[in-house]
Amino acid sequence: MNFAKDSELLKLKKQRQNKDLILNIFIWISAGLTVGFLFWIIWYILSNGLQHVDWNFITDDYTRTGEEHGIFPMIVSTIYMVIASIAVAAPLGIMTAIYLTEYAKPGSKLVKVIRFCTESLAGIPSIIFGLFGMTFFVAVMGFGFSILSGALTLSILILPVIIRTTEEALMAVSQTYREGSYGLGASKIYTIWRLILPSAMPGILTSVILSIGRVIGESAPVFLTAGMVARIPESLLDSGRTLTVHLYKLTTELFTVDEWNQAYGTATVLIVLVLIINMLTKLIASRINKANY
């Protein structure tokens with residue numbers, strides 16, 4: 001009887017090991033495919049675009065007549081769009097997350113309404129945001145096709161990402177931090193500002209990274225609100241063309257080999273710009289972590 005029982009246990013153990021092996025193989029294949037596709041896309045763009053990127057391509061102006069093929073106005077417009085969008089969305093998103101995590105009563109109707117709204121906003125197609133921005137900011141508010149209209153539209157677009165990611169980062173901070181601070185007589189504001197936010201800063205910066213990537217990668221809401229003028233905007237009320245809109249414009253009007261080359265070069269600059277922003281933000285997050293601990 002014992003021999004039969006041991007044999008059955010060994011058989012079950014062998015089956016579990018086989019299942020674990022199959023699952024591990026599937027996980028490694030999935031991870032490998034994900035990383036492989038990422039590196040393949042980056043390699044494909046860089047291998048086709050780096051040869052067309054030089055100092056003149058980055059610093060020159062752009063003219064539709066073909067006299068100049070630079071993307072400097074588009075780089076400036078993209079940077080303006082990112083800074084303006086984050087400047088509006090980040091404070092609103094972080095403050096909303098702080099309220100939901102630290103002040104609001106869990107399970108209250110207001111919390112449910114706010115979370116329902118953020119989840120609904122996250123699921124709306126970006127073209128709808130563009131139509132709203134064109135109707136409200138461009139026409140009703142009178143901002144016209146401008147960097148400001150595009151930035152305000154994109155700030156609404158990225159707001160759910162900042163709120164949800166920041167909220168999760170704040171909830172991940174140990175409750176003992178709060179209890180210890182309150183036990184020593186610290187106020188709620190002091191506890192949040194000096195303990196909770198620094199501890200959650202890596203997660204908050206992650207939300208900013210995701211938002212920056214979303215802003216840089218959007219095209220439909222931008223050309224519906226900021227326009228397509230390929231010039232350096234002198235103010236937030238001027239129209240501008242971001243890199244993604246420029247890339248869209250080039251790929252829909254590919255009449256010559258030179259325009260293909262410009263498209264690959266623009267895509268290369270776009271990828272490098274995103275990678276640089278991600279690395280800088282990660283570096284800042286690691287410095288903050290070291291400073292906190």
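Buried here means under 20% relative accessible area, exposed means over 50%, and partly exposed is in between, with a 1.4 Å probe and protein chains only.

Some ground rules. This is a predicted model, where local features need pLDDT of at least 70, side-chain atom pairs count only at pLDDT 80 or more, and totals for chains, interfaces and linings use all residues. Residues are numbered from 1 along each chain as its sequence is written, and side-chain values use heavy atoms, with hydrogens and water left out.

A salt bridge is a side-chain nitrogen of Lys or Arg within 4 Å of a carboxyl oxygen of Asp or Glu. That rule gives 4 salt bridges.

Start with arginine 178 and glutamate 102. Their side chains meet in a salt bridge, N to O 2.7 Å. The partners are 76 residues apart: arginine 178 sits in helix H7 (residues 175-183), glutamate 102 in helix H3 (residues 72-103). Helices are DSSP runs of H or I, at least four residues, numbered from the N terminus. Arginine 178 is buried, at 5% relative accessibility. Glutamate 102 is buried as well, at 10%.

Next, glutamate 167 and arginine 115. The N to O distance is 2.2 Å. Glutamate 167 is in helix H6 (residues 147-171) and arginine 115 in helix H4 (residues 109-122), so this bridge ties together parts 52 residues apart in sequence. Glutamate 167 is buried, at 1%; arginine 115 is partly exposed, at 27%. Arg164 joins these two in a network of salt bridges.

Last, arginine 214 and glutamate 218. Their closest N and O atoms are 2.8 Å apart. Arginine 214 is partly exposed, at 29%, while glutamate 218 is buried, at 10%.

Definitions and conventions: Helix = DSSP H or I, 4+ residues; strand = E, 2+ residues; numbered from the N terminus.
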